[in-house]
Amino acid sequence: MKAYRTIRYRLHPQTQAKTRKLHELAGACRYVWNHFVGVLRDEYTAYGRADSRWYSLLPRFTHLRKQVPWLQGYSSGLLRLSLKPIETTYRQFYKGEGGLPKFHGRYSHVPFIPLDSQRFKLQGNWLHVQKIGQLKLTGNNPYTDGIAKSGTIKYEAGRWYAYIVYEVQVTALPASIKPVGMDRNVGQMTRSDGVVHHTPEMGRLEARKRRYQRMMARRHKGSRKQGIKPSNRYLKAKHLCACTHQKIVQARTNWCHQTSREIADKYNLVYMEDLNTKSMTVSAKGTTGNPGKHVKRKAGLNKAILSSGWHKLEHCLSYKSNVVKVAPHYTSQACHECGHTDKQNRKSQSKFECVECGHRANADMNAALNILAFGNGAAGRGGRRSSGPVKRQTVWLDDHVN
């Protein structure tokens, strides 16, 4: 069965000429994007509709390339690829799922160069890009037999990175099933076998990031509409903030990969709650009454939930093991011993005591056992079903659990 995996490489231009070409090509992609975003926005304002199809934009791009001579010095195929997301964004906009495409600022947007299988070649640790040349790659690719299909080059925190998408073959779920239930909480993940995975502590890096953000707020950030460039001191603080943010992201990503690998080595089926993180972290600024403390408390909870990496861990587990989601109803209120469901069973954030049978346990551990039982019950493996509805759904992979 075919699947797609994205590998992140560090890109080394090695010479100043190639570095300058990468920056210039990314700037040309931004110029073409902004031109057509403005043209299509004017058409939509005037006629209520805009032809945003990629194949319809290609003849107009050819005309633009003839009108702007300096664009002819770059690969037309790479410049045309930068227009593909416009079609997707407009399609979602017409469905009411988002807004119009936005302009990419020179200092506010991450420079990127899109790639497809016809515009680049991979030869060992070297990446060949049209009209730029050979670029050295460093990184680990676990899919040596994969076929490179597409990719993106990005400039993040002062360094170039290449994201290559491979087409790989994945195996189906083996005959012997080893399931485990996992309860996701703020700052930790609890397994039904009693193991607790604590998320890395990012207090010092978060404080450093806030300090750099305050530095940026005190300095002149310029104005794109008025054509005023940001000050050098602002750009320096922005670079420091970006580097700190990247360290935070890399630490959390590394934790998700290490934790998911440890789980996948022991279990080939993981039951998780079907949580809607987007709804759980909705802003509380629109609340009525006196929202002062409530908004501050809700903002802190939202940040703690997002920093716990629930979705990232789920994504890492999805291609190393098989993930099945169950309904989250009553997992923290139901007693694993007798099945009695009552919100008074949850005495505190960590203590669980059943008012019916007196069973005592860690609240997260009890919830993880319930998730395992609900998942086995929904899959017909003899587990106890929940008193609420159970949703059985395999995510990310196309493997079906029998």
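# Briefing on a predicted protein model

A search of the whole structure finds zero disulfides. Cys256 takes part in no disulfide, and the nearest cysteine sulfur, that of Cys316, is 5.3 Å away. The structure is a predicted model.

**Overall composition**

- The secondary structure of the protein consists of ten helices and 15 strands.
- The protein has 402 residues, and buried residues make up 40% of them.
- Among the contacts with a separation of 6 or more, 67% are accounted for by residues 24 or more positions apart.

- A disulfide is a covalent bond between the sulfur atoms of two cysteines.
- The cut-off for a disulfide is a pair of cysteine sulfur atoms within 2.5 Å.
- Cys256 counts as buried, because its relative accessibility is 2%.
- Cys316 is also buried, with a relative accessible area of 0%.

**Helices H5 and H6**

- Two packed helices are described by the angle between their axes and the distance between the axes.
- Helix H5 covers residues 203–218 and helix H6 covers residues 232–266; they pack at an angle of about 160 degrees, with their axes 9 Å apart.
- Angles over 145 degrees count as roughly antiparallel, and H5 and H6 are therefore roughly antiparallel to each other.
- H5 passes H6 in a left-handed crossing.
- On the H5 side, the contact is made by Leu205, Glu206, Arg208, Lys209, Tyr212, Gln213, Met215 and Met216. On the H6 side, the contributing residues include Tyr234, Ala237, Leu240, Cys241, His245 and Arg252.

**Helices H1 and H2**

- Helix H1 (residues 16–47) packs with helix H2 (residues 54–67) at an angle of about 120 degrees, and their axes are 12 Å apart.
- That angle makes H1 oblique to H2.
- The crossing of H1 and H2 is right-handed.
- H1 contributes Val32, His35, Phe36, Val39, Leu40 and Glu43 to the contact, while H2 contributes Leu57, Arg60, Phe61 and Leu64.

**Ser76**

- Ser76 is placed in helix H3, which covers residues 76–81.
- Is Ser76 buried, partly exposed or exposed? With a relative accessible area of 27%, Ser76 is partly exposed, because the buried class lies under 20% and the exposed class over 50%.
- Leaving aside neighbours within four places in sequence, Ser76 is in contact with Phe61 and Arg65. Phe61 is also one of the H2 residues that make the contact with H1.
- Ser76 and Arg65 are eleven residues apart along the chain, and their C-alpha atoms are separated by 8.4 Å.

**Ser192**

- Where is Ser192 found? Ser192 is in the loop between strand E9 (188–191) and strand E10 (196–198).
- Although it belongs to a loop, Ser192 is buried, with a relative accessible area of 11%.
- Not counting residues up to four places away in sequence, Ser192 touches Val180, Gly181, Met365, Ala368, Leu369 and Leu372.

Conventions: Residues are numbered from 1 along each chain as its sequence is written. This is a predicted model: local features need pLDDT of at least 70, side-chain atom pairs count only at pLDDT 80 or more; totals for chains, interfaces and linings use all residues. Side-chain values use heavy atoms; hydrogens and water are left out. Helices (H or I, at least four residues) and strands (E, at least two) are DSSP runs, numbered from the N terminus. Buried means under 20% relative accessible area, exposed over 50%, partly exposed in between (1.4 Å probe, protein chains only). Contact means heavy atoms within 4.5 Å. Axes are lines fitted to C-alpha atoms, for helices over the stretch in contact, and angles run from 0 to 180 degrees between N-to-C directions. Angles under 35 degrees count as roughly parallel, over 145 as roughly antiparallel, 65 to 115 as roughly perpendicular and the rest as oblique. A crossing is left-handed if the near helix is turned anticlockwise from the far one by less than a right angle, and right-handed if clockwise.
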